Amino acid sequence: MATRSAKIDQKADLIWAIADKLTGVYKPHEYGDVILPLTVIRRFDCILSDTKDAVLQKYEEVKNLPMKDVLLRKAAEKDFYNTSKYTFERLMDDPDHIEENFRDYLNGFSANVQDVLAKFDFDNIIRRMVESNTLYLVIKEFNSQKGYLGPDKISAVDCGYIFEDLVKRFSESFGEEAGAHFTSRDIIYLMTDLLLSDADLSKGGNVTVYDMAMGTSQMLS
């Protein structure tokens, strides 16, 4: 059974604190519209940092080839990549053009990440942050140690815990029950224990589960 570590709560606290930059501009229940997608993007940014330069070099070589997607994934050593010259760190160098450069950075992601960003309706989020002069401030906070989400410090499982914690906090700030958005892990553990208590999987058997939420696939995990 996976358990939460103290560093998960500490990291969630630090990321939650970034929302202070939105005070007076956004209502508390709107903080999640900004912080949650930026948490995901920052995670992508940290994961791709080691191979960033290799991807940029490969992109110049293959950008006109039909097989460029496969070649760029290989260069990134991941199933996604980013061909923009910008990173969260490099965005800090030009605060006067933060919107233009940040959009360039987002447009540099591979198509599968673009699908994720589209679900967040991030274009409108950026526009509002620019109007409220919070875009650079928030990205700067995510670029600090408090917003670091590299896999060398935060595992995929821990990152999932952190994201769930943030979803819960933002939901509660809106006066909603967190359970309306995801099933807590304690409940998942209990359900799977009950499900498998009499199951004999030693001979290749299987168990069928209908999970109506199927959000982060906790039941499957």
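How many aromatic pairs does the count come to in this structure? The count comes to 7 aromatic pairs, where rings of Phe, Tyr and Trp (its six-membered ring) pair if their centres lie within 6.5 Å, and where planes under 30 degrees apart count as stacked, over 60 as edge-to-face and the rest as tilted.

The model is predicted, with local features needing pLDDT of at least 70 and side-chain atom pairs counting only at pLDDT 80 or more, while totals for chains, interfaces and linings use all residues. Residues are numbered from 1 along each chain as its sequence is written, and side-chain values use heavy atoms, with hydrogens and water left out.

**Aromatic pairs**

A pair of aromatic rings is described by the distance of the centres and the angle of the planes. Two of the pairs are set out below.

| Pair | Centre to centre | Angle of planes | Class |
|---|---|---|---|
| F44 and F109 | 6.1 Å | 65° | edge-to-face |
| F88 and F102 | 6.4 Å | 85° | edge-to-face |

Because F88 lies in helix α5 (residues 88-91) and F102 in helix α6, their pair ties together parts that are 14 residues apart in sequence. F88 and F102 are likewise buried.

**Cysteines**

A disulfide is a covalent bond between the sulfur atoms of two cysteines. By the rule used here, a pair of cysteine sulfur atoms within 2.5 Å, the structure holds 0 disulfides. For C46, the closest cysteine sulfur is that of C159, and the 9.0 Å between them is too far for a bond. C46 counts as buried because its relative accessibility is 6%, and C159, at 14% relative accessibility, also counts as buried.

**Lysine 168**

K168 has its place in helix α10 (residues 156-173), and with a relative accessibility of 38% K168 counts as partly exposed. The C-alpha atoms of K168 and G32 are separated by 9.9 Å, although the two residues are 136 residues apart along the chain.

Technical notes:
Helices (H or I, at least four residues) and strands (E, at least two) are DSSP runs, numbered from the N terminus. Buried means under 20% relative accessible area, exposed over 50%, partly exposed in between (1.4 Å probe, protein chains only).
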